[in-house]
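Hi everyone, thanks for coming. Let me put the structure up, and we can walk through it together.

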Amino acid sequence: MSSKCVIEDEITEKIGVLTRRETEARIIIPFFNALCSEFGRDSVVSILKSTILEISKNQGDQLAKRYGTGVEAFFETLKFWMKDGALEIDILDKNEEKLDFNVTRCKYAEMYHSLGITELGKVLSCNRDAALIEGFNASASLKRKKTIMNGDKCCTFRYTFPKK
């Protein structure tokens with residue numbers, strides 16, 4: 001089953017990713033709970049996780065087709081996730097082969113926490129990042145040791161874009 005989804009669609013550009021994620025979460029929560037009651041939480045989380053990873057990889061691919069596959073292009077795409085102050089970031093290093101930054105405020109984590117679904121928020125949001133970069137540039141990678149969603153003070157995004 002393919003779950004093609006394009007990040008640059010008009011809705012995401014108009015409302016931003018944060019509003020989109022909240023809307024999706026509010027629809028998913030009751031559906032997710034019903035599925036868990038019927039099929040068990042572990043099975044449902046596993047299916048949700050693999051579906052989200054596929055969607056994210058496809059989104060990365062679509063972004064690359066529109067913006068390119070380098071650091072500058074990827075940096076440009078962050079505007080979708082930062083819209084309306086959804087993320088506050090500190091850039092630590094940016095060059096042709098890497099992009100390192102910390103997220104110091106994450107309204108995604110705040111939103112999932114306020115909805116009482118922090119654990120599900122990890123699957124719906126944090127889980128996406130490595131798959132997205134894989135779809136964006138198969139040579140690139142992400143290392144992240146800390147996330148606000150896990151209770152850390154910041155999220156540590158360390159992207160590498162090896163030269164071919």
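Let's start with the sheet: four strands form an open, antiparallel sheet in the order β1-β2-β4-β3. Its edge strands, each pairing on one side only, are β1 (87-95) and β3 (141-143). On average, neighbouring strands here are turned by 20 degrees against each other, direction ignored.

A word on where this comes from: it is a predicted model, where local features need pLDDT of at least 70 and side-chain atom pairs count only at pLDDT 80 or more, while totals for chains, interfaces and linings use all residues. Residues are numbered from 1 along each chain as its sequence is written, and side-chain values use heavy atoms, leaving out hydrogens and water.

On terms, strands (E, at least two residues) and helices (H or I, at least four) are DSSP runs numbered from the N terminus, and two strands pair if DSSP finds at least two bridges between them. Angles run from 0 to 180 degrees between N-to-C directions, with axes fitted to C-alpha atoms, for helices over the stretch in contact. Contact means heavy atoms within 4.5 Å.

Now, β1 and β2 (residues 98-106) run antiparallel and are joined by eight bridges. Asp93, for instance, has Asp100 in β2 as its bridge partner.

Next, the helices. Helix α3 (residues 71-82) lies across β1, β2 and β4 (155-160), at about 180 degrees to β1. Helix α6 (residues 128-136) packs on the sheet too, touching β3 and β4, and its direction makes about 160 degrees with that of β3.

Finally, Cys106 sits in strand β2. Is Cys106 buried or exposed? With a relative accessible area of 10%, Cys106 is buried, meaning under 20%, where exposed is over 50% and partly exposed is in between (1.4 Å probe, protein chains only). Leaving aside residues up to four places away in sequence, Cys106 touches Ala86, Leu87 and Ile148.
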